[in-house]
Amino acid sequence: MNTLNLPHISKCLSQSVIHALSVQLSMTPTLQKATEEVVENCLDVDCLSTIVLNSSMWTGTLSLAFPQQTILKIIENMLGEVYTELNSENADTAGELLNIIYGNARMTINGDGYDFQPALPTTVAGKELGLAKHKMSSAHMVHVYESEAGPFMTILWLCSKAA
Amino acid sequence: MFNLDIKIIILDDMSTIRKIVKKTLKEMGFNNITEAVDGNDAWTHLNAAVTPFDLIISDWNMPNCTGIELLKRVRADQRYAKTPFILLTAEVEAHQVSEALKEGVSNYIVKPFAAETLKQKIEQTHKKVTSAA
């Protein structure tokens, strides 16, 4: 696929986020804001999981970002265990959620002619991770969600390999 | 339903999914559960077992050795040629399902999944295996 259909990709992604949390966590997240502008710190981010996106024409990243309070509530919901702090072991819950979200979204995105490859997430956890503000000639999308566990967001960067 | 004393191995590179699956299995009454972080780690346990494992629940997409690679290895071993093998996957494309069926998968579960779905799939797998015997 030579052109980037961002509305299609955005819709596939948000549907996948809502589906993943609804089924796995019995939560109903709602999309609050979708913007193509890079915004500095929509939320304080304490846990960030990222997948590198790769297709024949496009490359980029998809990240799932949480404040500590939200991800700890999600972990409690998934595992039935209460944690008061993030650590490298419980933070991988974010990675698994992103794995599920991307896996589901990839199938519907690729149904539109793309060929994004499977990928494994990498997760980092720490207090108030800074998100760098990038200025690049690439499409990007930030989705901010509200849920029973609290707010979280997805951050999508894509650029053409031909650029 | 499976005998509750059976030996089960769960493999997934994400500890979250291993914990969720283990929690559900324990709720069903199973207690003899081993965890592995990928296909290579699982094969170490499977190969070394004095009494073979009775049920394998494996993620598809893992580093080092994927679920489908482990499935092929397991089916090539006489001890595990017919052992029930359930694949967990976040993606279900037709060609993947065909490949897994061709290699002898017993059942698959698509992520995200509710605990009830996992329980139903395990019961369904047991019915399939006992009716084939």
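Which crossing does H2(B) make as it passes H3(B), left-handed or right-handed? H2(B) passes H3(B) in a right-handed crossing; here a crossing is left-handed if the near helix is turned anticlockwise from the far one by less than a right angle, and right-handed if clockwise.

Before going on, some ground rules. This is a predicted model, where local features need pLDDT of at least 70, side-chain atom pairs count only at pLDDT 80 or more, and totals for chains, interfaces and linings use all residues. Residues are numbered from 1 along each chain as its sequence is written, chains are lettered from A and ligands numbered from 1 in the order in which they are written, and side-chain values use heavy atoms, with hydrogens and water left out.

Back to chain B and its helices. Two packed helices are described by the angle between their axes and the distance between the axes. For helix H2 (residues 39-48) of chain B and H3(B), the axes come within 9 Å and cross at roughly 25°. The axes are lines fitted to C-alpha atoms, for helices over the stretch in contact, and angles run from 0 to 180 degrees between N-to-C directions. That angle makes H2(B) roughly parallel to H3(B) (angles under 35 degrees count as roughly parallel, over 145 as roughly antiparallel, 65 to 115 as roughly perpendicular and the rest as oblique). On the H2(B) side, the contact is made by B:Gly39, B:Asn40, B:Ala42, B:Trp43 and B:Leu46, and H3(B) brings B:Leu70, B:Arg73 and B:Val74; contact means heavy atoms within 4.5 Å. Sorted by class, that gives five nonpolar, two polar and one charged residues. For the classes, Ala, Val, Leu, Ile, Met, Phe, Trp, Tyr, Cys and Pro count as nonpolar, Asp, Glu, Lys and Arg as charged, and the others, Gly among them, as polar.

H3(B) also packs against another helix. Helix H3 (residues 67-75) and helix H4 (residues 94-103) of chain B pack at an angle of about 15°, with their axes 9 Å apart, so H3(B) is roughly parallel to H4(B). This crossing is left-handed. H3(B) supplies B:Ile68, B:Leu71, B:Lys72 and B:Arg75 to the contact, while H4(B) supplies B:Glu99, B:Ala100 and B:Glu103. The tally for H3(B) with H4(B) is three nonpolar, no polar and four charged residues.

Now for the loops of chain B. B:Thr83 lies in the loop between H3 and strand S4 (85-89), and at 8% relative accessibility B:Thr83 counts as buried (under 20% relative accessible area; exposed is over 50%, and partly exposed in between, with a 1.4 Å probe and protein chains only). Leaving aside neighbours within four places in sequence, B:Thr83 is in contact with B:Phe53, B:Asp54, B:Leu55, B:Ile56, B:Arg75 and B:Ser106. B:Asn64 sits in the loop between strand S3 (55-59) and H3; B:Asn64 counts as exposed at 63% relative accessibility, and its phi is near 70°, a positive value in a residue other than glycine. Further along, B:Lys111 and B:Pro112 are joined by a cis peptide bond with omega about 5°, and B:Pro112 belongs to the loop between strand S5 (107-110) and helix H5 (115-132).

Over to chain A. The chain has three helices and six strands, in the order α-β-β-β-α-α-β-β-β along the sequence. Helices (H or I, at least four residues) and strands (E, at least two) are DSSP runs, numbered from the N terminus. Of the 163 residues of chain A, 49% count as buried.

The axes of helix H1 (residues 6-25) and helix H3 (residues 92-110) of chain A come within 8 Å and cross at roughly 135°, so H1(A) and H3(A) are oblique to each other. H1(A) passes H3(A) in a right-handed crossing. The contact of H1(A) with H3(A) has 12 nonpolar, six polar and no charged residues.

A:Ser26 has a positive phi of about 55° although it is not a glycine, and counts as exposed at 61% relative accessibility. A:Pro67, in the loop between strand S3 (58-66) and helix H2 (68-79) of chain A, is buried with a relative accessible area of 14%. The C-alpha atoms of A:Pro67 and A:Leu43 are separated by 6.9 Å, with the two residues 24 apart along the chain.
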